[in-house]
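Reader: I am new to this structure and would like to learn how to read a few of its features. Could you take me through them slowly?

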Amino acid sequence: MRSVQGSLDDLGTPLSETTFVVVDLETTGGSPATCGITEIGAVKVRGGEIIGELGTLVDCGLPIPPHITVLTGITQAMVTGAPGVAEIVPTFLEFARGCVLVAHNAPFDTGFLKAACARLGHPWPAFPVLDTVDLARRVLTREEVPDRKLATLARYFGASVRPDHRALTDARATVDVLYGLFERLGSLGVTSLEEARSFARAPSPQQLTKRHLADGVPSGPGVYLFEDHRGDILYIGKSGDLRTRVRSYFTAAETRKRIREMVGIAERVRTIPCATGLEAEIRELRLIAEHKPRYNRRSKFPERALWLKLTDEDFPRLSVVREHRDDGCAYIGPFPSTRVAEEAREALREAALLRQCGQPLTPRRIGEGRAYSCALAELGRCGAPCEGREDAEGYARHVRAARAMMSGDAGPVAAAVGARIDRLAAELRYEEAAVQRDRLAAFVRAAGRAQRLDALAALPQLVAARPGFGGGWELAVARYGRLAGAAVIPPHATVYGPYVQACTAAAQTVLPELGRRHAATPAEMECLLRWLDSPGVRLVLVDGVWSCPAGGAEGLREWIEGAYQEPKPYAGRRGDAPV
């Protein structure tokens, strides 16, 4: 009896013989933890033939936000009386039994289905999953399609239906997109399910050819720098395990297009080992701010941070500035944008009657009648020092109150804005009340942030220790808010004093810089504060008094975070956005 060697085509499940269930969900939002399914659509296909369809609205018991209704057209009235999640999920699992799940951005749909199964106590079957987004990224170029949205791909492949953000319609469109992608895969020699799944997540040729760059990278925490052939830094990152992290850039785990492009240009990876993860994180921030690599997006321009300043002039006012100087003025911030800074300024103006005009005011200019008034004086929103209605001493009371609210007691701002919110809500002016709510949240967050940073930056020295993951302790020495030293106490140590003394002796000398209030950037100090707030941290030495004002904005953060739920824009799992 002769043995016959099978061909390579026999080593996998042919795509033409595989049964796929193409699924699409509509939901109340983007998070499976807090949102629910409002509609499910599924199409079962094999060999180009439709075997069955499943489509229904779902009453998940959660309210449908207005922006979701605008996007999908599904209203609360439409799902009232529809089958519940407890009825639909078992039906879908039976419908898809033994099949391969397909979805456009599959992690979104499978994430909601897994969350629903977990709530109902149903085990999640080990479905093989195929993502049409991943396939499209691998076989279609930017010249062919500008993006990988479902509507774009459906139009490119000439789908028989047009996606309209309804589950069954979008599932049918995804079927046409799937078979269009299969045609492209066939020209590349991909004919089996196993090949298609591995092809979708395979690393690019550039990644494969650059794998040698990870050779010799040490383990442990540190910073890594990708450099081109001229030595210019392309990208900077940090990790608790340098070797594992750098190697991941040359595998299928790295799917970001710009990073894959960076890997193709890189010619060398340089590493800077660090004692602890905190040191690595802060070194990364400093290096990104110094070199501004073109492939890094965050933390590149700390000098562009915005602050709200109470100016130092005859009649001070609130101004949005880019410098945080040691000039005796009151500051709060930093702010992520000018819009947020202006929101905080408007909240503070609600409680402090400071002038809002930008004209220079001096006693001489006022006495000569060269200053002009505005409508705010008539509305009672300004004491009108420009017209002499309020003298310098009277205006100084407003300035002292504003300074106290910025650096101390934030209660008057919360009370003034809260009273206005209540008044607007009573008049059913909810949109205007929401604007005031946003302003109060911006002020509380910025004032609390500034108070935390100022308290840390005022300490000549702070030494703290945190339990290490493998035992022992991680040490950190901060001086005037700047990380000056880091070390590790090994697990076998029985006396800690010598390690602490050695770390503080070897730490960097940090002195307050003339004209600068902080010796470190806000990002570095916030990183250090997060580490100090982590579980198990012990204060070893504090030189000075480390505290925030008892009535300061930091005490209002928990209240404002609970009362203020910032709506996140629903970008849609297919990259679409509401109109």
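**Salt bridges and helix packing**

Author: The side chains of Glu 346 and Arg 349 meet in a salt bridge, with N and O 2.9 Å apart; a salt bridge is a side-chain nitrogen of Lys or Arg within 4 Å of a carboxyl oxygen of Asp or Glu. This is a predicted model, in which local features need pLDDT of at least 70 and side-chain atom pairs count only at pLDDT 80 or more, while totals for chains, interfaces and linings use all residues. Residues are numbered from 1 along each chain as its sequence is written, and side-chain values use heavy atoms, with hydrogens and water left out.

Reader: Where do Glu 346 and Arg 349 lie, and how many residues apart are they?

Author: Both are in helix 13, 3 residues apart, so about one helical turn separates them; helices (H or I, at least four residues) and strands (E, at least two) are DSSP runs, numbered from the N terminus. Glu 346 is partly exposed, with a relative accessible area of 22%, whereas Arg 349 is buried at 7%. Here buried means under 20% relative accessible area, exposed over 50% and partly exposed in between, with a 1.4 Å probe and protein chains only.

Reader: Which residue forms a salt bridge with Glu 343?

Author: The partner is Arg 339, and the closest N and O atoms are 2.9 Å apart. Both residues lie in helix 13, 4 residues apart, about one turn of the helix. Glu 343 is buried at 15% relative accessible area, while Arg 339, at 51%, counts as exposed.

Reader: How many salt bridges does a search of the whole structure find?

Author: The search finds 26. Another of them joins the side chains of Glu 94 and Arg 97, at 2.7 Å from N to O.

Reader: At what angle do helix 13 and helix 18 pack?

Author: In general, two packed helices are described by the angle between their axes and the distance between the axes. Helix 13 (residues 338-351) and helix 18 (residues 430-457) pack at about 100°, with their axes 7 Å apart; axes are lines fitted to C-alpha atoms, for helices over the stretch in contact, and angles run from 0 to 180 degrees between N-to-C directions. The two helices are therefore roughly perpendicular to each other, a term for angles of 65 to 115 degrees.

Reader: Which residues of helix 13 and helix 18 meet?

Author: Among them are Glu 343, Glu 346 and Leu 348 in helix 13, and Arg 439, Leu 440 and Phe 443 in helix 18, where contact means heavy atoms within 4.5 Å.

Conventions: Parallel < 35°, antiparallel > 145°, perpendicular 65-115°, else oblique.
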